[in-house]
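This explanation leads through a few places in one protein structure. Please look over the sequence and the model before reading on.

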Amino acid sequence: MYLVFPTHAELARYTSQKLKTLMLSAVPTTVGLATGSTMEPVYANLIQSLQSAGPQDFKQLVSFNLDEYVGLNRQHPQSYRYYMQQHLFDHIGLPDEQTFLPDGSCTDIDEQCAWYSQAIQQRGGLDFQLLGIGTNGHIGFNEPGTPFDSRTHVVELSEQTRIDNGRFFDDFAEVPTHAITLGIADIMEAKEVWLLITGEHKAQTVLNYHRSAVDENMPASVLKRHPNAHILLDQAAATLLPAEVQTHYRTQAA
């Protein structure tokens with residue numbers, strides 16, 4: 001089933017409360033975070049909620065992000081490290097040493113990839129993974145055809161993914177051709193996964209996911225095997241889904 005929210009804003013508020021609970025946990029907690037326009041209102045709501053709760057030390061929290069562009073350092077405005085600092089970390093005082101992203105400017109990418117998966121495993125895996133989805137069904141930057149047993153690796157971005165992400169760059173020629181991404185096996189080992197999909201432009205992707213068998217040509221389809229994966233949509237993204245598979249979230253006001 002798919003949990004459908006009337007608007008992107010309501011989905012974002014709901015997700016931010018989940019993240020707040022995890023981040024303020026009294027026990028060690030490892031969360032997997034994502035970037036992109038779908039996540040921006042999630043983090044904006046989370047910041048507001050955390051700030052209203054007063055100073056926090058987050059001493060039990062560690063975060064790992066899904067991916068990073070190869071060739072961009074952490075100060076580059078289009079790097080995902082920069083995104084996370086701007087949209088979350090800098091606003092809540094989360095210490096740098098508790099936040100991890102792949103280093104896209106490292107000198108040994110293979111070593112970086114191996115270290116990243118190992119670092120997550122050393123913490124007992126991810127307690128929670130937040131995901132978005134690309135129009136071609138990718139999760140993280142795991143493009144169609146990525147083996148389901150993959151660990152953190154370098155991927156050549158598809159032309160469609162570069163086109164989709166090109167809106168964030170002044171010149172399409174500046175869009176990176178490769179990225180480091182958390183592997184599908186790493187994602188699937190998370191104890192809980194939330195896949196957020198918003199916007200009418202993702203409606204066909206949602207339908208493709210719904211109809212797909214578990215197939216490496218639709219990377220997100222692997223979530224159908226996960227025992228605790230949840231698909232959260234706004235109404236626009238759910239437009240093409242059969243009504244009988246939709247569960248509609250009702251706000252308190254409703």
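Leaving aside residues up to four places away in sequence, Lys-202 touches Ile-133, Gly-134, Thr-135, Ile-197 and Ala-237. The model that shows these contacts is a predicted one.

Is Lys-202 buried or exposed? Lys-202 is buried, yet it has no salt bridge. The nearest side chain of opposite charge belongs to Asp-164 and is 6.9 Å away, whereas a salt bridge requires a side-chain nitrogen of Lys or Arg within 4 Å of a carboxyl oxygen of Asp or Glu.

The next feature is the largest pocket. The space in the largest pocket comes to about 680 Å³. Its lining is made up of 37 residues, and those closest to the centre of the pocket are Thr-35, Gly-36, Ser-37, Asn-165 and Phe-168. Two or more lining residues come from each of the elements β4 (67–69), α3 (80–92), α5 (159–165) and β9. Helix α3 gives the most to this lining, with five residues. Sorted by class, the lining of the largest pocket holds 15 nonpolar, 17 polar and five charged residues.

The last stop is Ala-9, which lies in helix α1, residues 8–23. Ala-9 counts as partly exposed because its relative accessibility is 37%, a value between the limits of 20% for buried and 50% for exposed. From Ala-9 to Gln-98 there are 89 residues in sequence, and the two are 28 Å apart in space, C-alpha to C-alpha.

Note on methods
Residues numbered from 1 in each chain as written. Predicted model: local features only at pLDDT ≥ 70, side-chain atom pairs only at ≥ 80, totals over all residues. Heavy atoms only, no water. Buried < 20%, exposed > 50% of the residue type's maximum accessible area, 1.4 Å probe, protein only. Lys, Arg positive; Asp, Glu negative; His and termini not counted. Contact = heavy atoms within 4.5 Å. 1 Å grid on protein atoms, 1.4 Å probe; cavity = no way out; pocket = protein on both sides within 12 Å on 5 of 7 lines; lining within 4 Å. Points joined across faces, edges and corners; volume = space filled by probe spheres on them. Helix = DSSP H or I, 4+ residues; strand = E, 2+ residues; numbered from the N terminus. Nonpolar A, V, L, I, M, F, W, Y, C, P; charged D, E, K, R; others polar.
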